[in-house]
Amino acid sequence: MQKRANRVLLNTGHGVNDVYWYILPAILPIIVKQFDLKYGTAGGILTAYLGSAAIFSFLLGKLSDNISRQRVLGAGFLIASASLIIAGFMGRIGPFITFLLIASIGVSSYHPAAYALITETTEVRQGNVYAIFELSGAAGGLAMFLLYGLLLRKLDYHFVIIITSIPGLILGFIYLCYAKQYSSKALLKNSFNETTHSNEIPIHLFILFLIVITFRSLGVATVISFTPTYLIMEIGLNKSLASFATGIYFLGEVTLIPVISRLIDRWGPYSVMLAVTGMICPLIFLVSTSHQVWMLPLYFFFIGGFYASSWPAQDMIIAQMSRKIGRGEAFGYAMAVVSVTSSLGPLFFGMAADRIGLRLSIMASSASLLISFLVLFVLTRLLALRKRA
């Protein structure tokens, strides 16, 4: 019962934390108009937010290997929520961005500690458990964009940010006061996933997998981050419709994660991740070439669904590759890579959009997915050869 309660708490926390990850892209078009920003400047704000999260993902993931992971999770929620609430009261762009950056530190704490905790407390059907965890995050993102589509019609975005921050405050106190405290060192020592040295994955293959994650994130995250801006500036939708349309990414995640995740425990994480990564590339290319608005939601649906469906497989691969280092540290590296590429991506994307336009910039993003697919294919071949040796 205690394990189930903690899993429910982790899933709920994932939904709330993913809201914080996507809160800035959701309000970015409004900030662009209100402060008369260029796309490059807007991308720079996203870069600063996600870049801060990248640095602290690794640091806090490593910290969670040495202290209670629940304490790291609780403190992160309190820092993120309190900072976002203060940012909601800021009327100038400088203080607003400052408190967003502080919030990003709290946001960065969740994924490394939570992924490691799931690995250490799940004995069977890890693919299913990771899928439910990722599904909860997708549900949070979907709820946020749908809610923002309604709230932004009547409320200023400052008030919307404050309202969004309240659940995180509640969860932060729950984690610190009521969640069972696990000893991370004890879990690492007694983990059922510990194997002999002969089964450990070499570090250079783990680095190769981080390259896969880098280009996959670079291609998808930048497109998702600028989708509301693309729909408003290029397609001509109003801000409410753009928010609803962007939410279709998360509708695809919620719909396809339960379907595709069933294949992970049967086919293995590498095969599933290779398949879905290969399918995202042409879909992003089609987004940039389509002039029929009614087709875009279909593309968004499958991009979001395939991208999210690769995360449970990715989680299992990282867990398998983390046997030489702490799990919090390994997941911290992965989240840092995702955050760095997600942060630099919008900056480069925005600068490119200022010069060649949004459509061509989205088209160029599809090339990152092709690189990710090819590197992952090479990695699977190397692992197959190593297994036969």
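User: Why is helix α5 largely enclosed by the rest of the structure?

Analyst: Buried means under 20% relative accessible area, exposed over 50% and partly exposed in between, with a 1.4 Å probe and protein chains only. In this predicted model, twelve of the twelve residues of α5 are buried, so the helix is largely enclosed by the rest of the structure. Among them are Tyr110, His111, Pro112 and Glu120.

User: Which residues does α5 cover, and what is its reach from first C-alpha to last?

Analyst: The expected span of a helix is 1.5 Å times one less than its number of residues. Helix α5 runs over residues 110–121 and reaches 16 Å, close to the 16 Å expected. Helices are DSSP runs of H or I with at least four residues, strands are runs of E with at least two, and both are numbered from the N terminus. The protein has 15 helices and zero strands.

User: Is Phe173 buried or partly exposed?

Analyst: Phe173, in helix α7 (residues 157–177), is partly exposed, with a relative accessible area of 49%. Phe173 and Gly74 are 99 residues apart in sequence, yet 6.4 Å apart in space, C-alpha to C-alpha.

User: What share of the 389 residues of the protein is buried?

Analyst: Of the 389 residues, 59% count as buried. A contact means heavy atoms within 4.5 Å. Among contacts between residues at least 6 apart in sequence, 86% join residues at least 24 apart.

User: How are the residues numbered, and which of them count?

Analyst: Numbering starts from 1 along each chain as its sequence is written, and side-chain values use heavy atoms, without hydrogens and water. Local features need pLDDT of at least 70 and side-chain atom pairs count only at pLDDT 80 or more, while totals for chains, interfaces and linings use all residues.
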